[in-house]
Amino acid sequence: MIKIAAILLSFNIAFVQAETISVAVPANFLKPMQVIAERYEAETGSAIILHSGSTGQLYAQAINGAPFDLFLSADEERVDALLDNQLADTSQLYTCGQLAFYSQQHQITQLQDLSSLAKIAMAKPNLAPYGKAAESTLSHVIHDFPAKIIYGQNVVAAYQYAMHKVVDGSFVAYSNVHDANTGYVWLVPKELYTPIKQKMTVLHSSNKQQSAQRLYRYILSDEIQSLISEMGYTHIKDC
């Protein structure tokens, strides 16, 4: 079964006589990766441990020797840095993310509507690419926006602020809310922020290179790319 090592999620389930692959996965992509991991385990017999957090947190762990086999980022920058530091050889886009704004009580239909809100949550821009995209979006309409912001460690934390009405609304990954049955979702126009291109790589430090490469290729397969597209992301062919 999948094991998840995350801020909010922790499972310790033994998988007997199967190779275990350790995957760093950004908080925005945790739900899709859980589905992918379940399918992969069923098809191959391998077990997968998912380590979830902000991209910045996961990168810091990776460069300090965390035992990840496969590293999925919510941006290109951290994976490129791993390659520059000779911690990995090759990389590939596995999806492109979409930024959304979610509120339990306010229906946002255009950028200017954000000006009327008193408190807005987003992931920390220095740790999470979705936070950086949110910052860029707000800069188009609110010049003093930092005074309105509550920061979360990642997009899941920002989403929780909106769910519990701690804020008027939150910038989140569209995948967090694409199937929401409460509240209001505004899909932020892509021209308001730099594209969120999400890369992955197999780390040199992995002693399970072949298994990690198989999972890497599995994520890029047409079947899985179609699944990812159904969960609020953009197919790599359309990035």
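Reader: What makes Y233 count as buried?

Author: In this predicted model, Y233 has a relative accessible area of 4%. Buried means under 20%, exposed over 50% and partly exposed in between, with a 1.4 Å probe and protein chains only, so Y233 is buried. F29 is buried as well, at 0%.

Reader: Why is the pair of F29 and Y233 called edge-to-face?

Author: Rings of Phe, Tyr and Trp (its six-membered ring) pair if their centres lie within 6.5 Å; planes under 30 degrees apart count as stacked, over 60 as edge-to-face and the rest as tilted. The centres of F29 and Y233 are 5.2 Å apart and the planes stand at 75°, so the pair is edge-to-face.

Reader: What makes this pair a tie between parts of the chain?

Author: F29 sits in the loop between strand 2 (20-26) and helix 1 (30-44), and Y233 in the segment after helix 8 (222-229), so the parts tied together are 204 residues apart in sequence. Helices (H or I, at least four residues) and strands (E, at least two) are DSSP runs, numbered from the N terminus.

Reader: Why is the pair of Y40 and Y218 edge-to-face?

Author: Their ring centres lie 5.0 Å apart with planes at 65°, so this pair is edge-to-face. Y40 belongs to helix 1 and Y218 to helix 7 (residues 209-220), so the pair joins parts 178 residues apart in sequence. Both Y40 and Y218 are buried.

Reader: On what basis are these values given?

Author: Local features need pLDDT of at least 70, side-chain atom pairs count only at pLDDT 80 or more, and totals for chains, interfaces and linings use all residues. Residues are numbered from 1 along each chain as its sequence is written, and side-chain values use heavy atoms, with hydrogens and water left out.
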